[in-house]
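Trainee: I would like to go through the aromatic rings and the core of this protein. Can we start once the structure is up?

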Amino acid sequence: MAQVSGWIETENGAEVFDFEGRDMRAIAKAMIEVFGEDAGETDMEATNEDGDDVTERLCSSIYKLQDIRKSYNNNEGLV
């Protein structure tokens, strides 16, 4: 299990988060569900359970999931 906590800038100001999931992809998916378009598009800092900065890894996972959803929504690559 992975655990990530930190803060994200939303329309309501900085919001603290704490997510636990199977891996970084699961945490990124949960963040998109909770924060919507703000996930990956605003200021954010994230650390793992060891205190290591994982902001870049988390943003990368968020961007990949958002790209997949955009492609699916635009019917790109679907036959």
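Mentor: One definition before we begin: helices, runs of H or I with at least four residues, and strands, runs of E with at least two, are DSSP runs numbered from the N terminus. Note also that this is a predicted model.

Trainee: In which helix does Gln66 lie, and is Gln66 buried or exposed?

Mentor: Gln66 lies in helix α2. Buried means under 20% relative accessible area. Gln66 has 12% relative accessibility, so Gln66 counts as buried.

Trainee: Which residues is Gln66 in contact with, leaving aside its neighbours within four places in sequence?

Mentor: Contact here means heavy atoms within 4.5 Å. With those neighbours left out, the contacts of Gln66 are Ile32, Gly36, Ala39 and Glu41.

Trainee: How many aromatic pairs does a search of the whole structure find, and how is the pair of Phe17 and Phe19 classed?

Mentor: The search finds three aromatic pairs. In one of them, the ring centres of Phe17 and Phe19 are 5.8 Å apart and the planes stand at 40 degrees. Planes under 30 degrees apart count as stacked and over 60 as edge-to-face. At 40 degrees, therefore, the pair of Phe17 and Phe19 is tilted.

Trainee: Why is the pair of Phe19 and Phe35 edge-to-face?

Mentor: The ring centres of Phe19 and Phe35 are 6.3 Å apart. Planes over 60 degrees apart count as edge-to-face. The pair is edge-to-face because its planes are at 80 degrees.

Trainee: Which elements hold Phe19 and Phe35, and how many residues apart are they?

Mentor: This pair links distant parts of the chain. Phe19 is in strand β2 (residues 13-21) and Phe35 in helix α1 (residues 24-35), so by the numbering they are 16 residues apart.

Trainee: Are Phe17, Phe19 and Phe35 buried or exposed?

Mentor: Phe17 has a relative accessible area of 4%. The relative accessibility is 13% for Phe19 and 11% for Phe35. The cut-off is under 20%, so Phe17, Phe19 and Phe35 count as buried.

Trainee: Which element gives the largest share of the largest nonpolar core?

Mentor: That core has 19 residues, and Phe17, Met31 and Phe35 are among those with the most contacts inside it. β1 (2-10), β2, α1, β3 (44-48) and α2 (55-73) each supply at least two of its residues. The largest share, six residues, comes from α1.

Terms used
Residues are numbered from 1 along each chain as its sequence is written. This is a predicted model: local features need pLDDT of at least 70, side-chain atom pairs count only at pLDDT 80 or more; totals for chains, interfaces and linings use all residues. Side-chain values use heavy atoms; hydrogens and water are left out. Rings of Phe, Tyr and Trp (its six-membered ring) pair if their centres lie within 6.5 Å; planes under 30 degrees apart count as stacked, over 60 as edge-to-face and the rest as tilted. Buried means under 20% relative accessible area, exposed over 50%, partly exposed in between (1.4 Å probe, protein chains only). A nonpolar core is a set of buried Ala, Val, Leu, Ile, Met, Phe, Trp, Tyr and Cys residues joined through side-chain atoms within 4.5 Å.
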